[in-house]
Amino acid sequence: MKRLRILDVSRNELIHLPDSFGRLSALEEFYCTKNEIRKLKENFATKLLSLRHLNLNHNNISVLPHSFTQLNALEFCDLSYVSMMQIKLRTHTRFHEQLA
């Protein structure tokens, strides 16, 4: 599974992602729409160095972990219809600059 490039787990009533998700270092596209994800683990994105396309719309995520800012290859991110209230930013990052 280390070579997996595209993963779609949409519409599966997921409430969390397994710990092994963070080990998908070749993943380029991840679709996780219309689930019940409430929380992303702090290490969610630490090894997702190739992730370019992320779709988490229609979930119940309230906080994005700091590791989200390490998605340097990210070109597209859909967080529409997410009940998010907070993004944890510890330091000044490229992601922070894009938000400003």
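Colleague: How do you know which parts of the model carry the highest and the lowest confidence?

Modeller: The mean pLDDT of the protein chain is 86, with 83% of its residues at 70 or more. Confidence is highest in strand S2, at a mean of 98, and lowest in helix H1, residues 94–99, at a mean of 54. Where pLDDT is low, the predicted coordinates should not be read in detail.

Colleague: What pattern does the protein chain follow along the sequence?

Modeller: The chain has 6 strands and 1 helix, and reading along the sequence gives β-β-β-β-β-β-α.

Colleague: What makes S1 and S5 edge strands?

Modeller: The open sheet is formed by 4 strands in the order S1-S2-S3-S5, with parallel pairing. S1 and S5 (76–78) each pair on one side only, and that is what makes them the edge strands. From one strand to the next, the twist averages 5 degrees.

Colleague: Why is Glu29 called buried?

Modeller: Glu29, which lies in strand S2, has a relative accessible area of 19%, and because buried means under 20%, the residue qualifies. Leaving aside neighbours within four places in sequence, Glu29 is in contact with Arg5, Ile6, Leu7, Leu51, Arg52 and His53. The C-alpha atoms of Glu29 and His53 are separated by 4.6 Å, although these residues are 24 positions apart along the chain.

Colleague: Why is Arg11 called exposed, whereas Lys34 is called partly exposed?

Modeller: Arg11 has a relative accessible area of 62%, and exposed means over 50%, so Arg11 is placed in that class.

Colleague: What makes the phi values of Arg11 and Lys34 worth a remark?

Modeller: Most residues other than glycine have a negative phi. Arg11, in the loop between S1 and S2, has a positive phi near 55 degrees, while Lys34, in the loop between S2 and strand S3 (53–55), has a positive phi of about 50 degrees although it is not a glycine.

Colleague: Which members of the largest nonpolar core touch the most other members?

Modeller: That core has 22 residues, of which Phe21, Phe30 and Leu48 touch the most other members. Not counting residues up to four places away in sequence, Phe30 touches Leu7, Val9, Leu17, Phe21, Leu51, His53, Leu54, Asn55 and Leu56.

Colleague: What does Leu7 touch, and where is Leu7 placed?

Modeller: Leu7 belongs to strand S1, and beyond four places in sequence the residues it touches are Phe21, Leu24, Leu27, Glu29, Phe30 and Tyr31. The C-alpha atoms of Leu7 and Leu27, 20 residues apart along the chain, are separated by 7.5 Å.

Terms used. Residues are numbered from 1 along each chain as its sequence is written. This is a predicted model: local features need pLDDT of at least 70, side-chain atom pairs count only at pLDDT 80 or more; totals for chains, interfaces and linings use all residues. Side-chain values use heavy atoms; hydrogens and water are left out. Helices (H or I, at least four residues) and strands (E, at least two) are DSSP runs, numbered from the N terminus. Buried means under 20% relative accessible area, exposed over 50%, partly exposed in between (1.4 Å probe, protein chains only). Two strands pair if DSSP finds at least two bridges between them. Axes are lines fitted to C-alpha atoms, for helices over the stretch in contact, and angles run from 0 to 180 degrees between N-to-C directions. A nonpolar core is a set of buried Ala, Val, Leu, Ile, Met, Phe, Trp, Tyr and Cys residues joined through side-chain atoms within 4.5 Å. Contact means heavy atoms within 4.5 Å. pLDDT is the predictor's confidence in each residue, from 0 to 100.
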